[in-house]
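Please have the sequence and the coordinates at hand while reading.

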Amino acid sequence: MSYQPVGPRQEAEHQAEVRNFDQFTTIDWILEEKSQRNSGARDVGYSGRWRRYLEEVWHRGQAFFTLTAIGVTVGCIAGFIQVLTETLVNWKTGYCARNWLLNKSFCCQRIAEDTRKFLVIEGAQCVEERLWVPWSNSVLAYFTFITLSVAFAMLSALMVKCLAPMATGSGISEIKVHVSGFQYKKEFFSLTTLAVKSVALPLAISSGLSVGKEGPSVHYATCCGFLIVQFLLRNTLKYAEQAEYLVASSAAGVAVAFGAPIGGVLFGLEEMSSSPHFNLSTLWKSFYVALSAVSTLQYLDPFRNGKIVLFEVKYDRDWHVEEIPIFILLGIFGGLYGHYIGNLNIWFVTFRRNYLSKWPLREVFVLALATTCLSYFNEFLKLDMTESMSLLFHECVEEKSGMNFEHRLCQLDGKFSFLSFLTLYCSLMFATVVRALGVVVSYGARVPAGIFVPSMAVGATFGRSISVLVENFITGPHVITPGTYAFLGAAAALSGITNMTLTVVVIMFELTGAFIYIIPTMIVVAITRIVYSSFSKEGGIAEKMIMVNGFPFMECPQEHRDFLDEYCAADISTTDVVTIKESMHLSDLESLLEEVGNSYKGFPIIRNDDENEQEKRCIGYVTLQHIRSQLGMYTNDNTARNTVVDFTKKFLPDDENLIQFSDLVNYTPFTVDKSLSLSLLYQMFHKLGCKVVIVEDAGFLVGIITKKDFLRFQRTKRTELYGSINTFDEQSAERLWNLIMRVIRKLRSKQL
């Protein structure tokens, strides 16, 4: 908290949209550019000619070495997570006969005698050869599935709660805020958070909860980037340059999660990079880190099939113009899904905060148990989401190879009874509804959780259900490619929930290689964006979570800041300004700092002869952090209480009774007239990246506005004019809570 502006800030104190502002430290991008960069190379521990040679190599290639280290580390962690996830998921349905620790991919392979290479055995043949043994007893299989699912969820929640609370959720919202210029807690990027996230994430996915690994992949990747940069380049980078490495790391996280390096790069640019000083160097850093990470993952081959994604498929049959109305329908579904599911999730996040925050472990237990019980008897829910999408994306007849895909999804011929059709259709729609509701209640629970793949799974089952209807009632079998409807539905749902366009299109192409469907995919994504924008202007789920969590973030739709033209700087400036004179005794300065405490983060510097309260001229600005860090050197010197502290180089530097603080002062702070429109002030804060603006009247200091003060006013007024993005209704929440409590009481009294 920096200043106490009259009116707007006091009104905003109780607004949910600003409650977590003080967890972030505002970065002044202008001062960052002015700061001197320490370009000294690290001491490599050698002497003489070899030391100079190594220092020169390091100096010239430090960026390359750092980016390579980030990419390789992210790729290794991604491989570990994939193998562990598949192992845990497979344990719920069976075990490997020769080594129960192996997952199905590693178990179902043998070394060919002629080539001495690994030979992958297909699933059915692997079971027939008794390499992989499913749980034979149906009762044992059911209880094993339920027990392990709940145990994995609880272990994940326990790790997060006890070891690293910052490892919960997705992390994308916090990273977006951090790289935009509001520094978050270092614990968010700590080694402990990285370790817990890397282990708790596979446990959460394996539990069957409607959570994905893409958002958490961005988090653990940026943790890697932050830690490696701090280790290799510490004290050599400005904040803007550190943010570039974090954006590049986030690109690597998406790249390894989807197996889509170009999509990862576009994600970093479209979704994460929002700083006022975007450089093209961010592009090549993102490209190189994504390349390194995916190459490492390809080398590790976690799927044991030479691929880096599980649901990679190929489509041979071209699309028809007559299918465009179906594509439009899928786009409409994506837009509606993004709007309603996003809003429902925000509503439930608030409900969780108000009613369930005291019982995070119990909540995870109930969610895991309910999800598992509903999923067991539906194959599209029981399977891991990536396996389910691989099944739904699959083409029934591959024209080039002549092979048929044997599954009831592809048995739409004359022998396919109406009852079988109805069963299949209801199964797909049931999976769509249950998965969508699972996304609402699971995203935000106290486990690592992403929303990308669960949303894709919702769209895939919906799209495949549409293909079933089309084949049965419109075209007949083997006219369309049913898997493409699932593919396009997944793209629509992903675009709807994230509000991304180009990134989604590229990711889907890299997943499937379906370049002949580039026009249908673009149609679907375009319709999704149009439908979503007609309902909401707030952006995707990441932007909504920023708002509902009360994080500071400057970007705002134009429609929601038109009201700024009606206000000027004087309306929101802080009039209760504490100033520091250009020179003052050390004891007076310490008394002033003790009096204000942490309520003020900085002080304008005025001249000694400015005694009139109404006629103070600002000659500089100094932050509280810099003053305290400098004063730390004099706290133990009892003879220096009467020493003069100089902020303006007015006195000679060799004076024995003088402490020189002039190097701490910004002598060119941004100043504006009190009549300046807030719409122009928004541009200054957003595009220039300044942290503090001095408000003057005819050259005299009358107030101060910080970036957070501006955001407090903007968020409050926006909520007053357009309503909160959180549609939380206390009455409906109370009814839901009463219903939950009644069920609990009945369970305890054994009436159910």
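The sections below go from the basis of the model to the chain as a whole, then to its sheets, salt bridges and a surface patch.

## Basis of the model

The structure is a predicted model, in which local features need pLDDT of at least 70 and side-chain atom pairs count only at pLDDT 80 or more, whereas totals for chains, interfaces and linings use all residues. Residues are numbered from 1 along each chain as its sequence is written, and side-chain values use heavy atoms, with hydrogens and water left out.

## The chain as a whole

The protein chain contains 28 helices and 17 strands, these being DSSP runs numbered from the N terminus (H or I of at least four residues for helices, E of at least two for strands). Of its 752 residues, 55% count as buried, where buried means under 20% relative accessible area, exposed over 50%, and partly exposed in between, with a 1.4 Å probe and protein chains only.

The accessible surface of the protein chain amounts to about 33100 Å², and 58% of that belongs to carbon and sulfur atoms; these areas come from the Shrake-Rupley method with a 1.4 Å probe, and for residues only the protein chains shown count as cover. Among contacts (heavy atoms within 4.5 Å) between residues at least 6 apart in sequence, 76% join residues at least 24 apart.

## The sheet S15-S16-S17

An open sheet is formed by 3 strands in the order S15-S16-S17, with mixed pairing; two strands are taken to pair if DSSP finds at least two bridges between them. The edge strands, each pairing on one side only, are S15 (670–673) and S17 (700–706), and the twist from one strand to the next averages 35°. Helix H26 (residues 678–688) packs on this sheet, touching S15, S16 and S17, and its direction makes about 150° with that of S16; the axes behind such angles are lines fitted to C-alpha atoms, for helices over the stretch in contact, and angles run from 0 to 180 degrees between N-to-C directions.

Strand S16 (residues 692–697) is joined to S17 in the antiparallel sense over 6 bridges, and Asp697 stands opposite Phe700 in S17.

## The enclosed strand S11

Strand S11 (residues 602–606) has 5 of its 5 residues buried, so it is largely enclosed by the rest of the structure. Gly602, Pro604 and Ile606 point one way from S11, while Phe603 and Ile605 point the other way, and all are buried.

S11 runs parallel to strand S9 (residues 580–581), to which 2 bridges join it, with Ile606 in S11 as the bridge partner of Lys581. With strand S12 (residues 618–623), S11 pairs in the antiparallel sense over 5 bridges, and here Pro604 has Tyr621 in S12 as its bridge partner.

## Salt bridges

The structure holds 7 salt bridges, each defined as a side-chain nitrogen of Lys or Arg within 4 Å of a carboxyl oxygen of Asp or Glu. One of them joins the side chains of Arg352 and Glu363 (2.5 Å, N to O); Arg352 lies in helix H13 and Glu363 in helix H14 (residues 360–375), so the pair ties together parts that are 11 residues apart in sequence. Both Arg352 and Glu363 are buried.

Asp697 forms a salt bridge with Lys674, their closest N and O atoms being 3.2 Å apart. This pair links distant parts of the chain, with Asp697 in strand S16 and Lys674 in the loop between S15 and H26, 23 residues apart. Asp697 is partly exposed at a relative accessible area of 31%, and Lys674 is likewise partly exposed, at 34%. Within helix H27 (residues 707–722), Lys717 and Glu720 lie 3 residues apart, about one turn of the helix, and form a salt bridge with closest N and O atoms 3.4 Å apart; Lys717 is buried at 18% relative accessible area, whereas Glu720 is partly exposed at 48%. Asp22, Asp709 and Arg712 are linked in a network of salt bridges.

## A nonpolar surface patch

Ile328, Ile332, Leu336, Tyr340 and Phe535 form a nonpolar patch on the surface, together having about 410 Å² of accessible area. Patches are made of residues with over 30% relative accessible area and no salt bridge, with like charges joined within 9 Å and nonpolar side chains (Val, Leu, Ile, Met, Phe, Trp, Tyr) within 5 Å. Helix H13 (residues 324–356) gives the most to this patch, with 4 residues. Leu336 is found in helix H13 and is partly exposed, with a relative accessible area of 30%.
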